[in-house]
Amino acid sequence: MSDALGDAIAALGAVLEPMTGLVRWFDDPPEAISEFPAGMAFAVSGEITAVTSGFNRGLHKIRIAIYLSRTVLPTAVDAAKVWPYRIHTALVADQTLSGKVQAIVWPLSYRCGPMFYGGETHFGVAADVTVKI
């Protein structure tokens, strides 16, 4: 059985981890986050269609979560402004995620605001990218 979705998420992490300003990228979700800004990616929804015998087409929505320290909330709100374009720039530079997906399906949608993780409230950016496998 193929782990195409897992491979796509790992490739997405490899593309996003080098982003300027990111202190930590998690390939596997930790119990808690203490280094900021920190990021991770995980599947949130999708569709898989049988095209022909043995071949499938999948459209998968993957969430990119960038967590910011909210020690000083106005600072976190201001810091969130750069992340949608940093994510966009990284994805535009590798639209097949090193060959792990057929394509990124645009647009990239995002939201900024409170984000909960490990029983704590952080501030951050959640961006959803759809990939075609």
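## Fold and nonpolar cores of a predicted model

The protein chain contains 3 helices and 5 strands, where helices (H or I, at least four residues) and strands (E, at least two) are DSSP runs numbered from the N terminus. This is a predicted model, in which local features need pLDDT of at least 70 and side-chain atom pairs count only at pLDDT 80 or more, while totals for chains, interfaces and linings use all residues. Residues are numbered from 1 along each chain as its sequence is written, and side-chain values use heavy atoms, with hydrogens and water left out.

**Exercise 1.** State the pattern that the protein chain follows along the sequence, and compare its radius of gyration with the globule rule.

*Solution.* Read along the sequence, the pattern is α-β-β-β-α-α-β-β. The radius of gyration of the protein chain is 15 Å, close to the 14 Å given by the globule rule for 133 residues, so the chain is as compact as a globular protein of that length; the radius is taken over C-alpha atoms, and the rule is 2.2 Å times the number of residues to the power 0.38.

**Exercise 2.** Describe the largest nonpolar core and the contacts of Ile87.

*Solution.* A nonpolar core is a set of buried (under 20% relative accessible area, 1.4 Å probe, protein chains only) Ala, Val, Leu, Ile, Met, Phe, Trp, Tyr and Cys residues joined through side-chain atoms within 4.5 Å. The largest has 29 residues, and those with the most contacts inside it include Leu12, Leu16 and Ile87. Of the elements, α1 gives the most to this core, with 6 residues. Leaving aside neighbours within four places in sequence, Ile87 is in contact (heavy atoms within 4.5 Å) with Leu16, Met19, Ile64, Ile66, Leu108 and Ala127.

Note on methods. Buried < 20%, exposed > 50% of the residue type's maximum accessible area, 1.4 Å probe, protein only.
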